[in-house]
Structures are given as C-alpha cells and as structure tokens.
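Here is a quick tour for anyone meeting this structure for the first time. Have a look at the sequence and the model, then read on.

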Amino acid sequence: MPVALHQYGREDGPGLRQLLLDIHDDCYAGEEDPFHARERFTWFVDHWSSREGWCCVIGYDGDEPTGFAYGAPLQKNGWWRGIDGLTGQDTWEDGTRTFAVSEIMVRPAWRGQGQAGRMHGALLADRREQRATLLADSSHVKTLNLYRSWGYVPLGEMRPADDAPSRH
C-alpha cells in the first residue's frame with residue numbers, strides 16, 4: 001500500500017502539535033545536539049503553525065505517520081537579511097511572494113523511499129506564491145544535492161540563530 005499524504009492548514013495546527021513533536025523525537029532519537037532538542041523544536045512548531053497560510057503535509061503508511069513537511073508564506077520581515085549579494089527586489093516580501101518550507105522530516109523506517117520529495121511536492125502543489133525557499137545545513141551535502149534536484153538554487157550562507165549550523 002503506498003503512503004497516503006494528508007494536507008492540513010493553520011486551524012489544524014494545535015491538534016497536530018503532539019504528532020509533529022513525536023515524529024521529531026523519532027527522527028532525532030539519540031541526537032545530543034541541543035539545536036535538535038524537543039524543547040527547541042516545540043517553539044518552532046508553535047511559531048510556524050500559528051502563522052497565516054501555514055500548511056502541513058503528513059504521510060501515513062496505514063495508520064502510521066511516516067513524516068511531514070510544513071511551512072508558511074514569508075511575512076514582511078528581515079528573513080533575507082544576512083545573505084550576501086541579495087538586495088532590493090530580491091528581499092522584498094509582502095506575505096504573498098515567497099513560501100518558506102520550514103521543516104521536512106521523514107522517520108527512519110521510511111527514509112530512502114522518496115517520501116521527503118513526495119511530501120515536499122504536495123506541500124507546494126497548490127501554493128500561489130511565486131517561489132519557495134528553505135534552509136539546509138551546509139555540511140549536509142547529500143541533503144543540499146537533493147534540494148538542488150527539486151529545483152532549489154543556493155543563494156548564500158546565513159546563520160538564522162546563534163546556535164544554528166551555517167545554512168544555505
């Protein structure tokens with residue numbers, strides 16, 4: 001049976017919170033880096049899922065969740081600040097121009113089967129924004145190459161938080 005994809009909106013966020021946290025815990029089991037701690041990720045789930053236009057796609061193998069992808073449109077803010085070479089029209093946002101893919105996680109038992117690509121594709125399929133953006137740890141070459149195969153183009157490096165790894 002193929003993995004079924006289900007799409008959810010901002011109104012579903014509170015009800016999905018525990019499931020997203022549980023999937024995160026499975027994906028980062030045994031990880032010692034505080035950047036990937038459940039407490040820290042809880043803040044991200046709450047922050048992103050409360051944003052206007054938030055969308056989440058969750059994969060299910062029968063009743064078992066396989067992973068998720070979620071994001072929201074960029075609002076007017078300094079998202080692009082800190083990336084060398086981007087100015088003016090490159091950085092202008094009004095809440096309708098760019099969709100930010102915030103998280104993509106696939107549980108270990110379902111990795112290597114194309115689940116991330118399917119969830120990512122479903123997440124962006126009906127979006128009205130002109131473009132999408134995401135951040136990826138610049139030390140994860142395999143992940144960067146996967147994102148390039150999906151059509152992403154590296155724009156530069158930034159560090160979104162003091163304790164975050166450098167991101168493309």
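## The chain at a glance

Of the 168 residues in the chain, 41% are buried. Keep in mind that this is a predicted model. In terms of secondary structure, you get four helices and five strands. Walk along from the N terminus and the elements come in the order β-α-α-β-β-β-α-β-α.

How much of the contact between residues at least 6 apart in sequence joins residues at least 24 apart? The share is 67%. Setting aside residues up to four places away in sequence, Ala122 touches Leu5, Gln7 and Val57.

## Two helices side by side

Helix H1 covers residues 13-27 and helix H2 covers residues 38-49; they pack at an angle of about 145°, and their axes are 10 Å apart. The crossing of H1 past H2 is right-handed. On the H1 side, the contact is made by Gly13, Arg17, Gln18, Leu20, Leu21, Asp22, His24 and Asp25. H2 brings Arg38, Phe41, Thr42, Val45, Asp46 and Ser49. Sort the residues of this contact by class and you find four nonpolar, five polar and five charged.

Ala37 sits in the loop between H1 and H2. Its relative accessible area is 23%, so Ala37 is partly exposed, since the cut-off for buried is under 20%. Ala37 and His24 are 13 residues apart along the chain, with 9.1 Å between their C-alpha atoms. Glu39 belongs to H2 itself, and Glu39 counts as exposed because its relative accessibility is 61%. From Glu39 to Leu21, 18 residues apart along the chain, the C-alpha separation is 9.3 Å.

## The nonpolar cores

Which residues touch the most other members of the largest nonpolar core? They are Leu20, Trp54, Phe68 and Tyr70, in a core of 23 residues. The elements giving two or more residues to this core are H1, H2, strand S2 (55-61), strand S3 (64-73) and strand S4 (98-106). H1 supplies the largest share, with five residues.

Phe68 has quite a list of partners. Not counting residues up to four places away in sequence, Phe68 touches Leu20, Ile23, His24, Phe41, Cys56, Val57, Ile58, Glu103, Ile104, Met105 and Met119. There is also a second, separate core of 17 residues, and its members include Val57, Leu134, Leu144 and Tyr152.

## Ile58, tucked away in a strand

Ile58 is one of the residues of strand S2. Is Ile58 buried or exposed? With 0% relative accessibility, Ile58 counts as buried. Apart from residues up to four places away in sequence, Ile58 touches Ala4, Leu5, His6, Tyr8, Leu16, Leu19, Leu20, Pro65, Gly67 and Phe68. Take Leu20 from that list: Ile58 and Leu20 are 38 residues apart in sequence, while their C-alpha atoms are 9.0 Å apart in space.

Thr98 lies in strand S4. Why does Thr98 count as buried? Its relative accessibility is 0%, and buried means under 20%. The side chain of Thr98 makes a polar contact with the side chain of Arg131, at 2.7 Å. Leaving out residues up to four places away in sequence, Thr98 touches Ala72, Pro73, Leu74, Trp80, Glu93, Glu129, Arg131, Ala132 and Thr133.

Arg107 is in the loop between S4 and helix H3 (115-124). At 14% relative accessibility, Arg107 counts as buried. Which side chain does the side chain of Arg107 make a polar contact with? The partner is Glu64, at 2.9 Å.

Notes. Residues numbered from 1 in each chain as written. Predicted model: local features only at pLDDT ≥ 70, side-chain atom pairs only at ≥ 80, totals over all residues. Heavy atoms only, no water. Axes fitted to C-alpha atoms, helices over the stretch in contact; angles between N-to-C directions. Left-handed = near helix turned anticlockwise from the far one by under 90°. Contact = heavy atoms within 4.5 Å. Nonpolar A, V, L, I, M, F, W, Y, C, P; charged D, E, K, R; others polar. Core = buried A, V, L, I, M, F, W, Y, C linked by side-chain atoms within 4.5 Å. Buried < 20%, exposed > 50% of the residue type's maximum accessible area, 1.4 Å probe, protein only. Polar contact = N/O pair within 3.5 Å; in protein donor to acceptor, adjacent residues only side chain to side chain.
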